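Please keep the picture in view while I talk.

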Amino acid sequence: MTSISLHNVTKQFGNGFHALRGVTADFTPGTLTAIIGPSGAGKSTMIRMINGLEFPTNGQVKVEDRVVNRSNLKEIRGDVGIIFQHYNLVSRLAVMTNTLTGRLKHRSWLGSMLYLFRKNDMDLAFQALDRVGLLDRAWDRADRLSGGQQQRVGIARALAQAPRILLADEPVASLDPVTSEEIMQILREICDRDGITVIVNLHQVDLARRFASRVIGLNAGKIVFDGHPDALDQSTLDRIYHNHTEKEIRNEIPAPMLADA
Amino acid sequence: MKYLPLCWPTRNGLPPLALVISFAVVFGALAWAAPIAEINPLRLIASVPRLLSFIGNILVMPDAQYFPELFRKMLETLEMAMLATSIALAISLPLGFLAAKNTSPHPAVFHFMRTLLSFMRALPELVWALVFVSAVGLGPLPGVMALAFVTVGFMGKFFAESIEVVDAKPIEGVEAHGAGWLQVRTFAYLPQAMPDFIGSTLYILEHNLRAAAILGLVGAGGVGYDMVMAMRLFDYDRILSIALGIYLIVALLDRLSSHFRSRVI
């Protein structure tokens, strides 16, 4: 069984920008995949599609054999956790409350209006905070924490929902090298211990090499490399991070891309 | 003078043309409109002696015998303002979400709510108080109704505008974990808009206190009736007492609200 499967996925945004052009990839359960590539290559779009934050223009995204569409969004998102570059926490709420928002899918709207949760939700949230080492900060406001700590709250929020898939959209792009290392360590540990399928967008090739069991290289919306991190040699990296000249883009890629490339 | 050492941060050092034109248009319009509103500097200067004698009249000892009655009336006024603000708060909160572009379920709902809110605040409290006085009779009740009605119009608009400027990233963060429509609004929009909500509510409470103080003019409760009567009877010592009373409560409220705000925000 495949955990996630992208079949010939194309995404064109309203402004004409082609983020993805015919991407096909399958992800095995319990693996950690890193997606690398230059800015604007379509890394974020690819990840966000798995959570239904974007929908493909053409092609299909399947999560555990369900095609992601607007009608099963809530169900899919219940199984897919996501963490973001800017953490996307509600900064005025306590760390605990932020973590508990990962449980909202299982709570009714009526109780949620009064911020009510079940004991069981609290236990799961405490466990999640314990795993990222933030138990002692549970009742602090989220904006009192440092960047690395906030990202760990983001991970705890995703863990609290007990997902089978964890997506990370450039989780360490705003963090220092040591903190980045810690965050990657946590993601690797989640993948190994819970058998959660993890997909991480990265800008740091060395982190991809060390933590991922598979690397996908994206360039201008196409997969140009897909394999074991050991196979990442200089020529492969040149291909992944190749800057298309204007002439190449005009020949290979329709014009609107230039606007945002 | 060949050149001044001062210049504007533009390409040629001159003020931007659009700015110059806007100023010219605004001042032109004001100069043209002043006679229509009967703004006449000469009349103002001619009235100075009368203004001075009025100020002289009002500088008397406040009427101490009236204080217990004043205290009761001020309490009634304060209660009217707080009651009206609370009622309006309960109604405006859901309406604000329906009237904000980013949280409204449908553009049609958004436009309908915005139109409804601007209708509710189009006429001043005093006019609505007249309407409600003829509907339910004299006393503080029509006053509270009129205040709450107009306040919903303001508060709903203020809330909607605060919701519209919240950061979208936390919204996405909560949405992406499978939270429902109402849950995203309670857990992502509401906490982010909360400081603005509190600020608007405290400002509106202060405004309502001042509004409640004149509703007595049409028999809708509060200290306003006494004030009008005192004005008519040239009871300057009483007018001064009432004015000081209103000032004291407004100042107290202002202090309390800024203390409260700095603690919450």
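I will begin with the numbering and the kind of model, and then take the chains in turn.

Residues are numbered from 1 along each chain as its sequence is written, while chains are lettered from A and ligands numbered from 1 in the order in which they are written. This is a predicted model, in which local features need pLDDT of at least 70 and side-chain atom pairs count only at pLDDT 80 or more, whereas totals for chains, interfaces and linings use all residues.

Let us start with chain A, which has 11 helices and 10 strands; helices here are DSSP runs of H or I with at least four residues, and strands are runs of E with at least two, numbered from the N terminus. Its C-alpha trace spans about 60 × 40 × 35 Å along the principal axes. The radius of gyration of chain A is 19 Å, which agrees with the value near 18 Å that a compact globule of 261 residues would have; this radius is taken over C-alpha atoms, and the globule rule is 2.2 Å times the number of residues to the power 0.38. Of those 261 residues, 43% count as buried, where buried means that 20 or more other C-beta atoms, placed from the backbone, lie within 10 Å of the residue's own, with exposed meaning 12 or fewer and partly exposed the range in between.

Chain B, by contrast, has 11 helices and 0 strands. Its radius of gyration is 24 Å, well over the 18 Å that the globule rule gives for 265 residues, so chain B is more spread out than a compact globule. The C-alpha trace of chain B spans about 65 × 65 × 35 Å along its principal axes, and buried residues make up 37% of the chain.

How do two of the helices in chain B pack? Helix H9 (residues 181-212) of chain B and helix H11 (residues 236-264) of chain B meet at an angle of about 175°, with their axes 10 Å apart, the axes being lines fitted to C-alpha atoms over the stretch in contact, and angles running from 0 to 180 degrees between N-to-C directions. H9(B) and H11(B) are therefore roughly antiparallel, a label for angles over 145, just as under 35 is roughly parallel, 65 to 115 roughly perpendicular and the rest oblique.

Turning to the contact between the chains, 24 residues come from chain A and 18 residues from chain B, with two residues in contact if their C-beta atoms, placed from the backbone, lie within 7 Å. On the side of chain A, helix H2 (73-79), strand E6 (80-83) and helix H4 (109-113) each supply at least two residues.

Leaving aside neighbours within four places in sequence, the contacts of B:Ala146 include B:Trp128, B:Phe132 and B:Leu215.
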